[in-house]
Amino acid sequence: MLALRRLSVFFDGMDVDIHGAVMPYLLKDHGLGRTTGVAGTIGSRTTFGMLIAALVGGSVTDRLGRRARHRR
């Protein structure tokens, strides 16, 4: 269980790290049509997506995991 928790934390932060590392190179390639505004929008949507995933994931794990375990 501990290894699964550590993997989830790793993958949770990895998308933000990849965005920060790759976006400068995508902005340099003018053929893609990326602007700094688009880069900011992508970063904001990433953060909003993590919020939604945390809320949904918490509800799902409460229904399937913790509460069911305490009923036994």
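Is F11 buried, partly exposed or exposed? Select F11 to start: its relative accessible area of 48% makes it partly exposed, where buried means under 20%, exposed over 50% and partly exposed in between, with a 1.4 Å probe and protein chains only.

A word on what is on screen. This is a predicted model, in which local features need pLDDT of at least 70 and side-chain atom pairs count only at pLDDT 80 or more, while totals for chains, interfaces and linings use all residues. Residues are numbered from 1 along each chain as its sequence is written, and side-chain values use heavy atoms, with hydrogens and water left out.

**The whole chain**

Zoom out and colour by secondary structure: you will find two helices and zero strands (DSSP runs, H or I of at least four residues for helices and E of at least two for strands, numbered from the N terminus). The C-alpha trace spans about 60 × 20 × 15 Å along its principal axes. Buried residues amount to 7% of the 72.

**Helix α1**

Now return to F11, which sits in helix α1, residues 2-28. Draw a distance from its C-alpha to that of R63, 52 residues away along the chain, and you get 23 Å.

**Helix α2**

Next, pick G43 in helix α2. G43 counts as buried because its relative accessibility is 19%.

L51 is partly exposed, at 44% relative accessibility.

**The nonpolar patch**

Finally, select F48, L51, I52, L55, V56, V60 and L64 and show their surface. Together they form a nonpolar surface patch with about 690 Å² of accessible area (Shrake-Rupley method, 1.4 Å probe; for residues, only the protein chains shown count as cover). Patch members have over 30% relative accessible area and no salt bridge, with like charges joined within 9 Å and nonpolar side chains (Val, Leu, Ile, Met, Phe, Trp, Tyr) within 5 Å; a salt bridge is a side-chain nitrogen of Lys or Arg within 4 Å of a carboxyl oxygen of Asp or Glu.
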